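This briefing is meant to be read with the structure open. It takes up charged side-chain pairs, then a sheet and a loop residue.

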Amino acid sequence: MIPSPVYLDAATAAPLHPVARQALLVALDDGWADPDRLYTQARRARQLLDAAREAAADTLGVRPDELSFTPSGTSAAHAAVLGGLVGRRRVGAGLVHSAIEHSAVLHAAEQHVARGGTTTEVPVDRSGRLDLDAWSAAVAGPGVALAALIAASHEVGTVQPIEDAAAACAEAGVPLHVDAAQVVGRVPVPAGWSVLTASARKWGGPPGVGLLVVRKGTRWESPWPSDEHESGRTPGTVNLPAVVAAAASLRAAAADADAEAARLAPLVDRIRARVAADVPDVEVVGDPERRLPHLVTFSCLYVDGEALLHALDRRGFAVSSGSSCTSSTLRPSHVLEAMGVLSHGNVRVSLHRGTTEADVDRFLAELPQIVADLRAEAGVVGL
């Protein structure tokens, strides 16, 4: 008998929120025309786009003209970093970022270096939390044009000291980009940033929509060829039905965020405690206190990460991993590597609004035997 599926990978993409589905269907009928045209259907599309922008901006506490929709969270991050650097090129070509940024930020940093820029990577401690002293020194250095710091780790859930890091940036006169993909729609967004990005699929919106917010007064210039769409911040016409669904689901998710955090945090606590107690030679990683309420990561010694994910999938559990064997780069997770923790046999479990207590209990009941079987197959016994 095939077990019923349990989806535990919301940090990659949360299941579509019912509000998103409803809004998407309505917008498919009313929002198919080009909102930049002048005829009746286009004016209706423009009304939908303006309403979506106002709703998303209101949820984030920003001005509508500061917010642009992008084709993805990745494209938003690329635009944030590269545009922030272009906008401040007269100041210098230095980029400061943490060692645990999302790959989208790191790829933008690589392109910046290839074009002659420089980067400074700031370390984190074993819990994945930023070294604030090193950060403050880095942003105060000469020629720093932009700093980038993820709001909370997408791999281990550790919440970063954004406001303290932002204060150091403000003292140095350096704008701060915050990748808020894992916090928007879940926990309050910390203050002090100049540029913020997020991804709709993380909060239960449709894929293919990102948010780019550039605060008034921030020197930012589009790194793309000139385009009249979205205030010139991102090229091409937006996917309007998806944008409408993203804005509607963001408002709904944010309204329920406190209640969901209160419901999911004890389930994550249970996973952290039970995995450590029931599975030998396992390391639960990330800050045990200053962390996201829905995400937990652990690493199992003597277990191949890909084999573990496949074994869990056969039992109906969808989880993700930062292990080298599940990455196209064939190397350990740069986040776990930067933390100096075990990266082999890594499992990230991230919960969502549809996750039940029974789902978690079933996962915890089956995990120890799955790990034991894999170790036995590898000839590791007697643990």
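In this predicted model, the count of salt bridges comes to 18.

**Salt bridges**
- Within helix H2 (residues 40–60), Asp50 and Arg46 lie four residues apart, about one turn of the helix, and their side chains meet in a salt bridge at 3.4 Å, N to O.
- Asp36 joins Arg46 and Asp50 in a network of salt bridges; Asp50 is partly exposed at 30% relative accessibility, and Arg46 is partly exposed at 27%.
- Arg89 and Glu221 form a salt bridge at 3.1 Å, N to O; because Arg89 lies in the loop between helix H3 and strand S3, and Glu221 in the loop between S8 and H7, the pair ties together parts that are 132 residues apart in sequence.
- The side chains of Glu357 and Arg270 meet at 3.0 Å, N to O, in a salt bridge, and since Glu357 belongs to helix H10 and Arg270 to helix H7, this pair ties together parts that are 87 residues apart in sequence.

- Three strands form an open antiparallel sheet in the order S9-S10-S12, with S9 (282–285) and S12 (346–350) as the edge strands.
- S9 and S10 (residues 295–300) pair over four bridges, and Val282 stands opposite Cys300 in S10.
- Helix H7 (residues 240–278) packs on the sheet, touching S9, S10 and S12, and its direction makes about 155 degrees with that of S9.

**Loop between S8 and H7**
- Thr234, which is placed in this loop, is buried with a relative accessible area of 6%, and its contacts beyond four places in sequence include Phe69, Pro71 and Trp224.

Definitions and conventions
Residues are numbered from 1 along each chain as its sequence is written. This is a predicted model: local features need pLDDT of at least 70, side-chain atom pairs count only at pLDDT 80 or more; totals for chains, interfaces and linings use all residues. Side-chain values use heavy atoms; hydrogens and water are left out. Two strands pair if DSSP finds at least two bridges between them. Helices (H or I, at least four residues) and strands (E, at least two) are DSSP runs, numbered from the N terminus. Contact means heavy atoms within 4.5 Å. Axes are lines fitted to C-alpha atoms, for helices over the stretch in contact, and angles run from 0 to 180 degrees between N-to-C directions. Buried means under 20% relative accessible area, exposed over 50%, partly exposed in between (1.4 Å probe, protein chains only). A salt bridge is a side-chain nitrogen of Lys or Arg within 4 Å of a carboxyl oxygen of Asp or Glu.
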